[in-house]
Amino acid sequence: MMKAFTLTFLLLAGMALCAIAQNISSFNPGELWLDTDGKHINAHGGGILLHQGKYYWFGEHKVEGRQGNSAMVGVSCYSSADLLNWKNEGIALKVADENSGSEIEKGSIIERPKVIYNKRTKKFVMWFHLELKGKGYDAARTAVAVSDKVTGPYTYLKSFRPNAGEWPQNFKEEWKHKTVQEKDMKAWSQEWKDEVAKGLFIRRDFEKGQMSRDMTVFVDDDGKAYHIHSSEENLTLHLSELSPDYLSFTGKWITIEPAGHNEAPAIFKHKGKYYLITSGCTGWDPNAARSFVAESIWGPWKPLGNPAKGEGAELTFDSQSTYIIPAPGKKDTFIFMADRWRPKNPIDGRYVWLPITFEDDKPVFRWEKSWKLKDSF
Ligand code: DGJ
């Protein structure tokens, strides 16, 4: 009896060790993705930083149950050499104690964290979407934290609504003086949408700063960084220049796709052109992705339609964009990073990573049950 027990124990322990040490060799979108400790990766709405040859994945740490969509722990960080096998580096930005009065106290909402490295200051800068505790999604602020070390700890600096007192670069003079207000029109009527596109909400929020919800950041080849976010009640995307230290906004900004109702912006550059992939706005439910191209980051941005192709494309294969990375070792290929949200049990949210290629000069991606970066690994 004792012998059988010992044998079973040894077998199970051996199996557990194998599972932990298992090398992941392909992307399996929508499946559990185990880190090097054998635990499902907990980094939702994430972004990647490539630093000194290593990839760092930052994302929302979620917990079980409905409260799991608010920040109970902080922002996770994982590291990897091959984008497949990820080591948990712990919590890069910790939430502050409950009732501490901090803007990032436990129970606030911290979404879509993205980290960029500033070569001049040698600091790692984390931007994220912040909602203040107990206020739903009304605060609509962007927030920034900084660290000397890539994995953290990050020090929280501030949150705000950007571009207070600044008009966008692509805004007509006559729109600045319009007097029409929200109460004058039926929401979602064509007239209302036309007025949104002519700055209805920009004028409303001009003094206090523009709303900032789903966001990403991007560093261009010349070292300039940009913050792209859903603004104006999620009706319009705003793209803003960051200061040379990446810690604030310079006040130079544009609108993208006014009244187009875009969320989940993810940007990349290919052959000198800028591409954006976004989603529509349906809460945690998936919808069809959209794509845009521009010759200059300052626009004009031209719509290119749904970049997802094939069966399931109308719901982006049950996912929503969060980031795009150049695929190592694969020319003209990028990796579309998306979230398959599980709002009832957020910790079980899955990751959908798919290869983006180009067809007729447009970015496209298709469902792949399992795929490899064959050329490089
Ligand atoms: C969709 C956004 O993309 C997510 O980041 C999150 O804000 C949910 N909406 C909340 O409903």
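**Exercise 1.** Is Arg112 buried or exposed? Describe its place and its surroundings.

*Solution.* 
Step 1. Arg112 has a relative accessible area of 2% and is therefore buried. Buried means under 20% relative accessible area, exposed over 50%, and partly exposed in between, with a 1.4 Å probe and protein chains only.

Step 2. The model is predicted: local features need pLDDT of at least 70, side-chain atom pairs count only at pLDDT 80 or more, and totals for chains, interfaces and linings use all residues. Residues are numbered from 1 along each chain as its sequence is written, and side-chain values use heavy atoms, with hydrogens and water left out.

Step 3. Arg112 belongs to strand β5. Helices (H or I, at least four residues) and strands (E, at least two) are DSSP runs, numbered from the N terminus.

Step 4. Not counting residues up to four places away in sequence, Arg112 touches several residues, including Glu60, Trp127, Asp214, Ala264, Ser321 and Trp341. Contact means heavy atoms within 4.5 Å.

Step 5. The side chains of Arg112 and Asp214 form a polar contact of 3.3 Å. A polar contact is a pair of N or O atoms within 3.5 Å; within protein, one must be able to donate a hydrogen and the other to accept it, and residues adjacent in sequence count only if both atoms are side-chain atoms. The side chain of Arg112 also reaches the backbone oxygen of Ser321, at 3.0 Å.

Step 6. Along the chain, Arg112 and Val125 are 13 residues apart, and their C-alpha atoms are separated by 14 Å.

**Exercise 2.** Starting from Ser321, find which backbone oxygen its side chain reaches, and describe the residue at the other end.

*Solution.* 
Step 1. Ser321 is in strand β18, residues 320-326. With 2% relative accessibility, Ser321 counts as buried.

Step 2. The side chain of Ser321 reaches the backbone oxygen of Ala264 at 2.7 Å.

Step 3. Ala264 sits in strand β13, and its relative accessible area of 0% makes it buried.

Step 4. Beyond four places in sequence, the residues that Ala264 touches include Arg112, Asp214, Ser230 and Ser321. Ser321, with neighbours within four places left aside, has contacts with Arg112 and Ala264, among others.

Step 5. Ala264 and Cys281 are 17 residues apart along the chain, with 8.7 Å between their C-alpha atoms. Ser321 and Glu311 are 10 residues apart in sequence and 18 Å apart in space, C-alpha to C-alpha.

**Exercise 3.** Locate His229 and name its side-chain polar partner.

*Solution.* 
Step 1. His229 lies in strand β10, which covers residues 225-231.

Step 2. The relative accessible area of His229 is 0%, so this residue is buried.

Step 3. The partner is His227: a polar contact of 3.1 Å joins the two side chains.

Step 4. With neighbours within four places in sequence left aside, the contacts of His229 include Pro162, Met211, Asp214, His238 and Phe249.

**Exercise 4.** Describe the protein as a whole.

*Solution.* 
Step 1. The secondary structure consists of four helices and 21 strands. The radius of gyration is 21 Å, close to the 21 Å that the globule rule gives for 377 residues, so the protein is as compact as a globular protein of that length. The radius is taken over C-alpha atoms, and the rule is 2.2 Å times the number of residues to the power 0.38.

Step 2. Of the 377 residues, 53% are buried.

Step 3. Among contacts between residues at least 6 apart in sequence, 52% join residues at least 24 apart.
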